[in-house]
Amino acid sequence: MMTDKKVAFYTLGCKLNFSETSTIARDFQTEGFERVEFDQFADIYVINTCSVTDNADKRFKTIVKSALKQNENAFLIGIGCYAQLKPEELANTEGVDLVLGATEKFKVLDYIEDLSKNEIGEVHSCEIDEADFYVGSYSIGDRTRAFLKVQDGCDYKCTYCTIPLARGISRSDTLQNVLSNAKEISEKGIKEIVLTGVNIGDYGKGEFGNKKHEHTFLDLVQELDKVEGIHRIRISSIEPNLLKNETIKFVAQSNSFVPHFHIPLQSGSDTLLKSMKRRYQSSLYDDRVKTIKTAMPHACIGVDVIVGFPGESDELFLETYQMLSELDISYLHVFTYSERPNTEAVDMPDVVPLNVRNKRSKMLRGLSVKKRRAFYESQIGATFNVLFEGENKKGYIHGFTQNYVKVKTPWNPDLVNTLHPVKLSSIDEDGLVRFEWIKEKVFD
């Protein structure tokens, strides 16, 4: 046991990566390691990588350099999606000692015999077909909310996406284990859980990816709603074809599930949705938004959209822009299409020039600002509970209403991780919302 050693972690990418980093970090702490911040001296630095965009690949090298500045003799480990897709590339990065793929990352301590540097990074990476078992995880300690992993992998074959190559088949945690993790989180005093996975609406496929769903996503939601001590649960990102009316109806009257949905659209053009091999058309997406807003008029709806996909003409882009302009949504996450090796889209004709991709991306980001502003304005005068975050940002503390309106008030450490009823009153210059206190806090 390396009882006097220090370990630091850096996470790129999605909420799922954050939950897995936290679980791996707890394994190190159980073995006697002290966890420190990434900008501090450590004996081991673990970088959990992402490979959704080109940029995430490039950032890895920068992060390696910053770790070596803290300790040039540190033992550097690369894990995560990029480590599964391109292990040799990571291993050849100067200073990297160990690269672990999709299944190996959860046994990282088994691969550390001593901390002597390797001339070239050592690679342990399974064939992705072998990533067929499930490892549950959740993140805790760094925020007032926890990311709870319920599902991993994906059986969809979207033509732009490398995630099935990096994470394997769709498989789920057992319902019993998810509930057990949720109870652990509630016992630590955390007020909010965000459900996370690669394709969480597909929840229920067995631990080994068998197609029989022992439980459905709706079963999961209904059971989690009964966990005591958790005041809020967010669904995170869910595919529009898997977000069923029954789930929307349940969330609308739930004790703890909040009126906030993040639903990937990717394109408002049915031509492009087909080319992307998405499993719905724009009319279904439109229907999901209207169903949510009918059941919960104050619901916040976030949208993922990709610009510059091969074949996206000006006309097809304008279809997307027009649809998003007219939809009653609250904000956008805009992704500029980037070519990924071993995907179908990389060989498609009618490639959109980079300058056009960037221009379209800018247009949609501008639309997102307008949408968020309009959503915030529509909530002024309403009363919500706010959960306050743990960071002092230029003399202010920030928090979120249950429907994801971001608020601010002068810093007060007593507010951290507490819930208070407030009345939203105005939008500040920075776009955040000011409020009036209604009464003393309702929850500790």
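Start at the second largest pocket and colour its lining by residue class: eight residues are nonpolar, seven polar and one charged. Here Ala, Val, Leu, Ile, Met, Phe, Trp, Tyr, Cys and Pro count as nonpolar, Asp, Glu, Lys and Arg as charged, and the others, Gly among them, as polar. The model is predicted: local features need pLDDT of at least 70 and side-chain atom pairs count only at pLDDT 80 or more, while totals for chains, interfaces and linings use all residues. Residues are numbered from 1 along each chain as its sequence is written, and side-chain values use heavy atoms, with hydrogens and water left out.

Stay at the pocket and select H231, N255, F257, V258 and Q402, which lie nearest its centre among 16 lining residues. The volume of this pocket is about 250 Å³. A pocket is an open set of points on a 1 Å grid over the protein atoms alone where a 1.4 Å probe fits, with protein on both sides within 12 Å along at least five of seven lines; lining residues have an atom within 4 Å of a point. Points are joined across faces, edges and corners, and the volume is the space filled by probe spheres set on them.

Next, select the open sheet β12-β13-β14, three strands in that order with parallel pairing. Edge positions belong to β12 (260-266) and β14 (331-336), each with a single partner strand, so one side of each has no neighbour in the sheet. On average, neighbouring strands here are turned by 20° against each other, direction ignored. Strands (E, at least two residues) and helices (H or I, at least four) are DSSP runs numbered from the N terminus, and two strands pair if DSSP finds at least two bridges between them.

Helix α11 (residues 314-326) lies across β12, β13 and β14, at about 170° to β13. Helix α12 (residues 354-379) lies across β13 and β14, at about 170° to β14. Contact means heavy atoms within 4.5 Å; axes are lines fitted to C-alpha atoms, for helices over the stretch in contact, and angles run from 0 to 180 degrees between N-to-C directions.

Move to the sheet β7-β10-β11, which is open, has three strands and pairs in parallel. Its edges are β7 (145-149) and β11 (232-234), each with a single partner strand, so one side of each is left without a neighbour in the sheet. Neighbouring strands of this sheet are turned by 25° against each other on average, direction ignored. Five bridges link β7 to β10 (residues 192-196), and R145 stands opposite E192 in β10. Helix α6 (residues 175-187) lies across β7 and β10, at about 165° to β7.

For antiparallel pairing, select β15 (residues 383-388). Five bridges pair β15 with β18 (residues 419-427) in the antiparallel sense, and N385 has P421 as its bridge partner in β18. Three bridges pair β15 with β16 (residues 396-401), also antiparallel; there, L387 has F400 as its bridge partner.
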